Protein chains: 2
Amino acid sequence: MRDLSVAKLARFSDLGFDLGNCPVRSVLSHVSAKWTVLVLLLLQSGPKRFNALARGMPDVSKRMLTQSLRDLERDGLVARQVFDTKPPSVEYRLTPLGESLMQPIEQLVDWATLKQSEIADARARFDAA
Amino acid sequence: MRDLSVAKLARFSDLGFDLGNCPVRSVLSHVSAKWTVLVLLLLQSGPKRFNALARGMPDVSKRMLTQSLRDLERDGLVARQVFDTKPPSVEYRLTPLGESLMQPIEQLVDWATLKQSEIADARARFDAA
DNA sequence: TGATACAAGTCCCTAAATGAGACCTGTCTT
DNA sequence: AAGACAGGTCTCATTTAGGGACTTGTATCA
């Protein structure tokens, strides 16, 4: 398990640490974008329209929400569908590819849940020092 | 990541996310911190000194590397140890807590590796349109 | 002896990313 | 007639990040 990861890292190094051109890193950078994971989590419970997502993320500006959705759409994780209602509405949903990312993300969420108090303790200790 | 007001948190809860005690935001702030995951991956192969990490991430400024390391140290994922050499050197290593985060992160890396071509295709399709 | 290098940062200035909020188009309700 | 709604875009102010000079004390090089 651990050796496998070291091997992976070694692959990075063998490429001359050109992590800027590493495809895996470029993918992860989208995963690591500020709000995209939150969007994915909201969409996990089903398709949602733009304003519903906006209401679900009150501290994210529409501008950034739009940008996150475009990024996710571009990478094929989210699908955008326009309905010809009046006024037209737009629905976003996870693609199969997007759904396949949810399991790793859930592992992260589970980890956070499990270690939450340990982190809080460490933080308190650090801030006290 | 900026703190949420009580009112905003209440709305998150309405959507089924317990972000009041939210470990999700806490962990997401690391995952979305752009460089911290990379630091963790580099430290996975063993303790490293500041400049070794800097060489391993040539496109990250020292300023941001310092900040990432402080954040990780604060949350107890990374330990910082100063050696009284001349000049003094500083070594960073994963704590057990930090190591426990590596498995979820590896899942993310594995996912990215597995899906990278699918994502590249989606991206090409999107950009062509 | 003086010049230079190293370690691990910090500081300042500029550049880039982000937030807040006004504004847009076209129907629908009051 | 006056908003309201949907899904955005646009501009401007604030926040955050990058780049490089600078620090302190020792050690090495010429």
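## Interface between the chains

Of the interface residues of chain B, 76% are also interface residues in chain A, so the copies meet through the same surface. In this predicted model, local features need pLDDT of at least 70 and side-chain atom pairs count only at pLDDT 80 or more, while totals for chains, interfaces and linings use all residues. Residues are numbered from 1 along each chain as its sequence is written, and chains are lettered from A in the order in which they are written.

Contacts across the interface link 46 residues of chain B with 43 residues of chain A; two residues are in contact if their C-beta atoms, placed from the backbone, lie within 7 Å. On the side of chain B that touches chain A, two or more residues come from each of α1 (6–14), α2 (23–31), α3, α5 (62–74) and α6 of chain B. The largest share of that side, 19 residues, belongs to α6(B). Helices (H or I, at least four residues) and strands (E, at least two) are DSSP runs, numbered from the N terminus.

## Symmetry

Chain B is superposed on chain A by a rotation of 180 degrees with 0.0 Å of shift along its axis, at an RMSD of 0.6 Å. The two copies are thus related as by a two-fold rotation axis. In chain B, B:Ser32 has the C-alpha nearest the axis, 1.4 Å from it. The superposition is by least squares on the C-alpha atoms of residues with pLDDT of at least 70 in both copies.

## Nonpolar core

The largest nonpolar core has 49 residues, and those touching the most other members are A:Val37, A:Leu38, A:Val39, A:Leu40 and B:Leu40. Helix α6 (residues 96–128) of chain B gives the largest share of this core, 8 residues. At least three residues of the core come from each of domain 1 (1–32) and domain 2 (34–128) of chain B, with domain bounds taken from an automatic or database domain assignment. Such a core is a set of buried Ala, Val, Leu, Ile, Met, Phe, Trp, Tyr and Cys residues joined through C-beta atoms within 7 Å.

Neighbours within four places in sequence aside, A:Leu38 is in contact with A:Met57 and B:Leu28.

## Sheet of chain B

Chain B has an open sheet of 3 strands in the order β1-β3-β2, with antiparallel pairing; strands pair if DSSP finds at least two bridges between them. Strands β1 (48–49) and β2 (78–83) of chain B are at the edges with a single partner strand each, so one side of each is left without a neighbour in the sheet. β1(B) pairs with β3 (residues 89–94) of chain B in the antiparallel sense over 2 bridges, and B:Lys48 has B:Tyr92 in β3(B) as its bridge partner. Helix α3 (residues 36–44) of chain B packs on the sheet and touches β1, β2 and β3 of chain B, its direction making about 95 degrees with that of β3(B). Axes are lines fitted to C-alpha atoms, for helices over the stretch in contact, and angles run from 0 to 180 degrees between N-to-C directions.

B:Val90 lies in strand β3 of chain B and is partly exposed, with 13 other C-beta atoms within 10 Å. A residue is buried if 20 or more other C-beta atoms, placed from the backbone, lie within 10 Å of its own, exposed if 12 or fewer, and partly exposed in between. Beyond four places in sequence, B:Val90 is in contact with B:Arg49, B:Phe50, B:Arg80 and B:Val82.

## Backbone details

A cis peptide bond joins A:Lys86 and A:Pro87, with omega about -5 degrees. A:Pro87 is in the loop between β2 (78–83) and β3 (89–94) of chain A. In chain B, the bond from B:Lys86 to B:Pro87 is cis, with omega near -5 degrees.

B:Lys34, in the loop between α2 and α3 of chain B, has a positive phi of about 75 degrees although it is not a glycine.
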